[in-house]
Amino acid sequence: MAMRREQSDRLFAEALRHIPGGVNSPVRAFRGVGGTPFFARRAHGCRVEDADGNEYIDYVCSWGPNILGHGAKPVVDAVIRAAAHGLSFGIPNPAEVDLAARIRRWVPSVEKVRACNSGTEATMSCVRLARGFTGRDLIVKFEGCYHGHVDSLLVAAGSGALTLGRPDSAGVPARLAELTVVLPFNDIGALRATFGERGREIAAVIIEPVPANAGLYLPEPGYLECLRELCTAHGAVLIFDEVMTGFRLARGGAQEIYGITPDLTAFGKVIGGGLPVGAFGGRADIMDHLAPLGPVYQAGTLSGNPLAMAAGLAQLDELEARDGFRALEATGAALEGALREAARGHEDRLCLKRIGSMFCMYFTPGPVRNLAEAKRSDTKAFAKFFHAMLDRGIYLAPSQFEAGFLSLAHGPPDVEATARAAAASLREAL
Ligand SMILES: *Cc1c(COP(=O)(O)O)cnc(C)c1O
């Protein structure tokens, strides 16, 4: 039986009058699964309550940032404490130094780091910095990787762009897009060929080391190593976009897990504790090209905001104090096992991917190693599954091409409830 969502429907109708598509970020509009979105009234732990009072176990976690769960007390308390002393200074504040030092300690490739306000700003700044540092223009990216809504990177992009079937955005000049070369992920041959032909023109390669914006797939053994070697050999800057994976997969992110040292890294999501934050950092000789030391301009009125820094620091402290990454891996493994059990008998239609606290159930038998293979998914079956889960109180990302996220607030009873709902929903969807 479908849940009643009268208040959400009323709010969405009102929102449509004032906001394009009724939402402030496209994927929230449920276009990837049909129907209309629910409105969140409050959230606590792993649960979200909608405007009609329905509760859902949340596997979106604000698209990744809420790794402790919603409304985690240490984070909320830190924000309240900071707010009591002022909301923004536009003057250096001590918390900026603390967060920068913390990022450097956890991510050894980062020798210097600057804070900004979103993941998009972080990747945009990395690209500009790489171009300014190398004096070259060409950027290489990968199909299905999403790096925020940066002009140069909205070419064959993942996430909402992919969900809406428009991985290339209108409004990006063709002459700018020509400076972005797009390659399939996990294809060493394509990588070598591109560097062979245009290696001297390449300013930077930007990559999600674990692509999590076209569902979720993993780098094959040797792939990231090859990319690192090619960038070094040709003097191109290797940018890891760890906006999603940073401080989620490990203290040192995907680069720690795979043992690769990028030149620059973009961060966001988890380091903001739920407030709008991004950061980017890496080799000091590159970072020192930023103004005021160098010629590459980058700035932000609210960058290093004291509330955002306090939230991020509190979140990272808590992750450390609770041995968070080990606990997240345990919950992730439990969820994977429970979902595989729930999917028994449907193996010929599904491909489940997981690393740590991130997962995706593709509605294709797989293998899924790149965007082309991800796109073989039966998105109609996924949409049915999504709504069947929602009606059972389980909120998955409203698109086949998004990853699911766990938090430290998801416990064994939540995993069991999710697996029960999944078994029933798969019967309906397949
Ligand atoms: C979310 C995301 C971004 C963009 O971050 P925003 O804060 O939404 O601008 C960039 N890169 C990756 C890998 C992301 O997942």
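For sorting residues, Ala, Val, Leu, Ile, Met, Phe, Trp, Tyr, Cys and Pro count as nonpolar, Asp, Glu, Lys and Arg as charged, and the others, Gly among them, as polar. The model is predicted, so local features need pLDDT of at least 70 and side-chain atom pairs count only at pLDDT 80 or more, while totals for chains, interfaces and linings use all residues. Numbering runs from 1 along each chain as its sequence is written, and side-chain values use heavy atoms, with hydrogens and water left out.

On a 1 Å grid over the protein atoms alone, a cavity is a set of points where a 1.4 Å probe fits but cannot get out, and a pocket is an open set with protein on both sides within 12 Å along at least five of seven lines; lining residues have an atom within 4 Å of a point. Grid points are joined across faces, edges and corners, and a volume is the space filled by probe spheres set on the points. Searching the whole structure turns up 1 cavity of 30 Å³ or more. The largest cavity holds about 170 Å³, and among its 16 lining residues Phe359, Cys360, Met361, Phe382 and Leu396 lie nearest the centre. Two or more lining residues come from each of β12 (358-362) and α14 (379-391); helices (H or I, at least four residues) and strands (E, at least two) are DSSP runs, numbered from the N terminus. The cavity lining splits into 11 nonpolar, 4 polar and 1 charged.

The second largest pocket contains about 670 Å³ of space. It has 33 lining residues, with Glu96, Val113, Arg114, Ala115 and Gln298 nearest its centre. Helix α3 provides the largest share of this lining, 5 residues, and the breakdown is 20 nonpolar, 9 polar and 4 charged.

Now for the ligand. Its surrounding residues (a heavy atom within 4 Å) include Ser118, Tyr146, His147, Asp241 and Met244, and the shell comprises 3 nonpolar, 6 polar and 3 charged residues. Polar contacts here are pairs of N or O atoms within 3.5 Å; within protein, one must be able to donate a hydrogen and the other to accept it, and residues adjacent in sequence count only if both atoms are side-chain atoms. Ligand oxygen atoms sit 2.9 Å from a polar backbone atom of glycine 119, 2.6 Å from a side-chain N or O of threonine 120 and 2.6 Å from a polar side-chain atom of lysine 269. Alone, the ligand exposes 380 Å², of which the protein buries 83% (Shrake-Rupley areas with a 1.4 Å probe; for residues, only the protein chains shown count as cover).

Elsewhere, serine 159, in the loop between β5 (138-142) and α5 (160-163), is buried at 9% relative accessible area (buried is under 20%, exposed over 50%, partly exposed in between, with a 1.4 Å probe and protein chains only). Its side chain makes a 3.0 Å polar contact with that of glutamate 402. Arginine 340, in helix α12 (residues 324-342), is partly exposed at 41%, and a polar atom of its side chain lies 3.3 Å from the backbone oxygen of leucine 352.

Most residues other than glycine have a negative phi, and most peptide bonds are trans. Cis peptide bonds join alanine 291 to proline 292, with omega about 10°, and glycine 366 to proline 367, with omega about 0°. Phi is positive for cysteine 61, near 50°, and for phenylalanine 247, about 60°.
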